[in-house]
Amino acid sequence: MTAVQRARLLCLFAAMAVMALFLVASVHLRDLLGNLAVTRVSNTVGRIVTRAVEDTVQSGEFAYDKLISFQKDSQGRITALTSNMAEFNRLQAAITQDILTRLGETADTNLSIPLGTLTGTPLLAGRGPRFTVRMETVGSCSAHFENQFDQAGINQTLYRVVLDVEVTARLLLPGGVVTTELSTP
């Protein structure tokens, strides 16, 4: 074998080694980006839902006495409870719209991972220059109210209105799409 052939063979092996390293890093990067993106979006969606509900309720537009009314007997005891479903639907629509608006405002995000983390070695995790990628988030939201009546003692009933919010987020990352579903009772 000539020196030129050995040099070509060595270059071929080096190129294959670099390609293998790149392939391992890209697979590891995809998993890391997916996990990082889901965690970040989960935290963001939790904050968005909490703020949307708080802001909508605190706006004063939806008062409890507009949502629920009590019927009483001649002695002043509560005999029935009536829900104003039209008002509940307006509240539900306002909260859902607020969530979707806030999700749209956070659609573009940069994710960065230190290059040492891509090796998978704990010793190098969190070290080195950061590798930054762009993430797009597209989401949908649904919300619905549930009425719950629970026994609270002798001749006492606890009435609760629970808002269930479900957000489906699709995270567009380099190399693929990750879908996550989040629900907050």
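The model is predicted. Its mean pLDDT is 83, and 97% of the residues reach 70 or more. The protein has three helices and six strands. A search of the whole structure turns up two aromatic pairs.

**Overall fold and dimensions**

- Along the sequence, the elements follow the pattern α-α-β-β-α-β-β-β-β.
- The C-alpha trace spans about 110 × 35 × 25 Å along the principal axes.
- Of the 185 residues, 26% count as buried.
- The protein exposes about 12,300 Å². Carbon and sulfur atoms supply 58% of that area.
- Take the contacts with a separation of 6 or more: residues 24 or more positions apart account for 54% of them.

**Confidence by element**

- Helix H3 has the highest mean pLDDT among the elements, at 89.
- Strand S3 (residues 108-114) has the lowest, at 81.

**Aromatic pairs**

- The search of the whole structure gives two pairs. One joins Phe88 and Phe145, with 5.1 Å centre to centre and 65° between the planes, and it is edge-to-face.
- This pair links distant parts of the chain. Phe88 sits in helix H3 (residues 85-105) and Phe145 in strand S4 (residues 130-153), 57 residues apart.
- Phe88 counts as buried because its relative accessibility is 4%, under the 20% limit.
- Phe145 has a relative accessible area of 22%, so this residue is partly exposed.
- The other pair is Phe149 with Tyr159. The ring centres are 4.8 Å apart and the planes meet at 35°, so the pair is tilted.
- Phe149 counts as exposed, because its relative accessibility is 52%. The cut-off for exposed is over 50%.
- Tyr159 is buried, at a relative accessible area of 16%.

- Strand S1 (residues 68-72) and strand S2 (residues 78-83) run antiparallel. Five bridges join them.
- Lys72 stands opposite Ile78 in S2.
- Five residues lie between the two strands of the hairpin. Gly76 takes a positive phi near 90° there.

**Thr96 in helix H3**

- Thr96 has its place in helix H3.
- Its relative accessible area is 14%, so Thr96 is buried.
- Beyond neighbours within four places in sequence, Thr96 is in contact with Cys141 and Ala143.

**Glu61 between H1 and H2**

- Glu61 is in the loop between helix H1 (3-58) and helix H2 (64-67).
- With a relative accessible area of 41%, Glu61 is partly exposed.
- Glu61 touches Lys66, Glu87 and Arg90, leaving out residues up to four places away in sequence.
- Glu61 and Leu91 are 30 residues apart along the chain. Their C-alpha atoms are separated by 8.9 Å.

**Thr179 in strand S6**

- Thr179 lies in strand S6 (residues 176-184).
- Thr179 counts as partly exposed, at 45% relative accessibility.
- Residues up to four places away aside, Thr179 touches Thr168, Ala169 and Arg170.
- Thr179 and Thr168 are 11 residues apart in sequence. Their C-alpha to C-alpha distance is 7.2 Å.

Conventions. Residues numbered from 1 in each chain as written. Predicted model: local features only at pLDDT ≥ 70, side-chain atom pairs only at ≥ 80, totals over all residues. Heavy atoms only, no water. Phe/Tyr/Trp six-rings, centres within 6.5 Å; stacked < 30°, edge-to-face > 60°. Helix = DSSP H or I, 4+ residues; strand = E, 2+ residues; numbered from the N terminus. Buried < 20%, exposed > 50% of the residue type's maximum accessible area, 1.4 Å probe, protein only. pLDDT = per-residue confidence, 0-100. Contact = heavy atoms within 4.5 Å. Areas by Shrake-Rupley, 256 points an atom, 1.4 Å probe, with all protein chains shown as cover. Pairing = 2+ DSSP bridges.
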